[in-house]
Amino acid sequence: MIIWLLGISGAGKTTLGKKLEKYYKDKGMKTYLLDGDEVRGLFENDLGYTDAEREANIKRIILGAYLLDRNGINGIICNISPFQHLRDLARRKIAGYNEIYLEKDIQASIRNDVKGIYKANMGKTDLVGLGQQFDEPVNCDLRIQVDRMTEEDSFGMIKKYIAKKYGEEYND
């Protein structure tokens with residue numbers, strides 16, 4: 001299975017992804033977390049943040065997710081993934097694709113700014129959700145309004161979704 005966590009910066013993709021990765025590794029399952037920042041770093045940050053450069057990076061991530069899925073490794077993908085047509089591509093190409101949208105208010109993300117993304121870039125460059133396109137997901141498998149619940153509740157919703165789809169061995 002591929003669990004693709006998407007949402008704006010600060011929605012909790014990496015936080016929830018790491019919890020999920022640890023949870024399944026502790027159960028002895030082959031699991032790998034692939035973060036968009038990791039992919040950028042692997043390629044020595046050769047891509048910027050224009051729409052075209054974001055698309056190129058997401059295509060790299062889709063390839064990584066495809067290979068994880070084909071090799072029986074539970075993949076957890078953490079990426080903003082702002083473009084619906086690329087999410088549709090991932091769904092068509094990756095048999096085990098599951099799209100989980102972590103919906104978060106942009107103003108709450110700016111206030112919390114865990115990674116300092118908004119502070120470092122505000123007024124200097126367009127950010128996804130602020131000047132740069134973010135297509136609202138039209139067919140996500142699970143939508144979590146992360147502003148309205150705790151991290152543990154969000155994590156619980158993801159585990160419950162996976163257990164329902166893939167079987168109880170994926171749950172407690």
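How many helices and how many strands make up the secondary structure of the protein chain?

## Overall architecture

In this predicted model, the secondary structure of the protein chain consists of seven helices and seven strands.

The protein chain has 172 residues, and 47% of them are buried. Its accessible surface amounts to about 8900 Å², with 51% belonging to carbon and sulfur atoms. When contacts between residues at least 6 apart in sequence are considered, 74% join residues at least 24 apart.

## Strand β2 and its partner

Strand β2 spans residues 31-35, and four of its five residues are buried, so the strand is largely enclosed by the rest of the structure. Five bridges join β2 to strand β3, which covers residues 74-78, and the two strands run parallel. Within this pairing, L34 stands opposite I77 in β3.

## Salt bridges

The count of salt bridges comes to eleven. One of them brings together the side chains of D46 and R60, with an N to O distance of 2.9 Å. This pair links distant parts of the chain: D46 belongs to the loop between α2 (36-42) and α3 (51-70), R60 belongs to helix α3, and the two residues are 14 apart. D46 is partly exposed at a relative accessible area of 44%, and R60 is also partly exposed, with a value of 23%.

A further salt bridge is formed by the side chains of R143 and E103, at 3.5 Å from N to O. Here the link is between strand β7 (residues 142-145), which holds R143, and strand β4 (residues 97-103), which holds E103; the partners are 40 residues apart. R143 is partly exposed, its relative accessible area being 33%. E103 likewise counts as partly exposed, at 23% relative accessibility.

## A loop-to-loop link and a network

The side chains of K104 and D147 meet in a salt bridge with an N to O distance of 3.0 Å. Both ends of this pair lie in loops: K104 is in the loop between β4 and α5 (106-112), while D147 is in the loop between β7 and α7 (151-166), 43 residues apart. D147, at 38% relative accessibility, counts as partly exposed.

Salt bridges that share partners also connect R87, R91, E99 and D141 into one network.

K13 is located in helix α1, which covers residues 13-26.

The side chain of K13 instead reaches the backbone oxygen of I8, at 2.8 Å. With neighbours within four places in sequence left aside, K13 is in contact with L5, L6, G7, I8, C78, N79, I80 and L102.

Most residues other than glycine have a negative phi. E44 is not a glycine, yet has a positive phi of about 55°. E44 lies in the loop between α2 and α3, and its relative accessible area of 69% places it in the exposed class.

S81 also has a positive phi without being a glycine, with a value near 50°. Its position is the loop between β3 and α4 (84-93). Is S81 buried or exposed? At 1% relative accessibility, S81 counts as buried, whereas E44 is exposed.

Technical notes
Residues are numbered from 1 along each chain as its sequence is written. This is a predicted model: local features need pLDDT of at least 70, side-chain atom pairs count only at pLDDT 80 or more; totals for chains, interfaces and linings use all residues. Side-chain values use heavy atoms; hydrogens and water are left out. Buried means under 20% relative accessible area, exposed over 50%, partly exposed in between (1.4 Å probe, protein chains only). Contact means heavy atoms within 4.5 Å. Accessible areas come from the Shrake-Rupley method with a 1.4 Å probe; for residues, only the protein chains shown count as cover. Two strands pair if DSSP finds at least two bridges between them. A salt bridge is a side-chain nitrogen of Lys or Arg within 4 Å of a carboxyl oxygen of Asp or Glu. A polar contact is a pair of N or O atoms within 3.5 Å; within protein, one must be able to donate a hydrogen and the other to accept it, and residues adjacent in sequence count only if both atoms are side-chain atoms.
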